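These are my notes from a first look at a structure that is new to me. I start with the overall build and then go into the details.

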Amino acid sequence: MAFTLPALPYASNALEPHIDARTMEIHHGKHHNTYVTNLNNAIAGSDAEKLSIEDICKNISKYPVAVRNNGGGHYNHCLFWTIMGPNAGGVPTGALADDINATFGTFDDFKTKFAAAATGRFGSGWAWLVVDASGKLQITSTANQDNPLMDVAEVKGTPILGLDVWEHAYYLNYQNRRPDYITSFWNVVNWNEVSRRYSVVKK
């Protein structure tokens, strides 16, 4: 089965003013769609055609670089669209909130450390909150379209929150002001979805 571009779970203008409709249209309809097309071309005729994107990522070192770049791009964006939403933001609750406070100090401390990972990623890449193999929360970042599921990742884990810091994710609205984009991101984080992902991994 070929991979397909998932529909956005909200209208392209639903995250305004924090992320504008034109950026969402280009980011989802052009960039993500290209990753899907190129991934399908890259895995054509290989065993990866029968695998989930998660399984491909977990064994990414056995595949050509085109699979790594486009497979990562597909997985990362599929997660990205779902962990944002309209009328979102605020703070997490329940077990995730407790774990964030226990691991990072306070929610504000967590945001500061996550923002540091996002601003400190030189060039294109992502910042992540993951649950590692021991069940602990970790903040990390990856270059390009890599992610912590990949067997080549420096810090491995299951992502529950990711922030795209490629310029195409924010350039129309924020130009080169990545820190402003990161600050705005907190207004659209869908903590219910992040908590759901957390609970699935922690079972």
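Predicted model: local features only at pLDDT ≥ 70, side-chain atom pairs only at ≥ 80, totals over all residues.

**Entry 1: the overall build.** Helices (H or I, at least four residues) and strands (E, at least two) are DSSP runs here, numbered from the N terminus. I then read along the sequence and wrote down the pattern α-α-α-α-α-β-β-β-α-α-α.

Residues are numbered from 1 along each chain as its sequence is written, and side-chain values use heavy atoms, with hydrogens and water left out.

**Entry 2: size and packing.** I looked up the box around the C-alpha atoms of the protein chain, and it is roughly 50 × 40 × 30 Å along the principal axes.

Next I checked burial. Buried residues make up 47% of the 203 residues in the protein chain. Buried means under 20% relative accessible area, exposed over 50%, and partly exposed in between (1.4 Å probe, protein chains only). I also looked at contacts, meaning heavy atoms within 4.5 Å. Of the contacts in the protein chain with a separation of 6 or more, 69% join residues 24 or more positions apart.

**Entry 3: the UniProt record.** UniProt lists "domain: Manganese/iron superoxide dismutase N-terminal" for residues 3-84. Over residues 3-84 I read 57% helix and 0% strand, with the end C-alpha atoms 22 Å apart. UniProt places "domain: Manganese/iron superoxide dismutase C-terminal" at residues 92-197. That stretch, residues 92-197, is 42% helix and 20% strand, and its end C-alpha atoms are 12 Å apart. I kept in mind that UniProt positions are given in the numbering used here, that feature names are shortened, and that annotations may be inferred rather than shown by experiment.

**Entry 4: the sheet.** I traced an open sheet of three strands in the order β2-β1-β3, with antiparallel pairing. Strands pair if DSSP finds at least two bridges between them. Which strands stand at the edges? β2 and β3 (158-164) do, each with a single partner strand, so one side of each is left without a neighbour in the sheet. The twist averages 25 degrees from one strand to the next; axes are lines fitted to C-alpha atoms, for helices over the stretch in contact, and angles run from 0 to 180 degrees between N-to-C directions.

I went through the pairs. β1 (residues 125-131) and β2 (residues 137-143) share seven antiparallel bridges. A127 has S141 as its bridge partner in β2. These two strands form a hairpin with five residues between them, and G135 in the turn has a positive phi of about 90 degrees. β1 and β3 pair over six antiparallel bridges. L129 has L161 as its bridge partner in β3. I also followed W126, which stands opposite T142 in β2 and opposite D164 in β3.

**Entry 5: inside β1.** Is β1 enclosed or open? Seven of its seven residues are buried, so β1 is largely enclosed by the rest of the structure. I sorted the directions: G125, A127, L129 and V131 point one way, and W126, W128 and V130 the other.

**Entry 6: cysteines.** I searched the whole structure for disulfides (pairs of cysteine sulfur atoms within 2.5 Å) and found zero. The sulfur of C78 is 10.0 Å from that of C57, the closest cysteine sulfur, too far for a bond. C57 is buried at 0% relative accessible area, and C78 is partly exposed at 24%.

**Entry 7: one glutamate.** I ended at E193 in helix α8 (residues 191-202). E193 counts as buried at 14% relative accessibility. E193 touches T82 and I83, not counting residues up to four places away in sequence.
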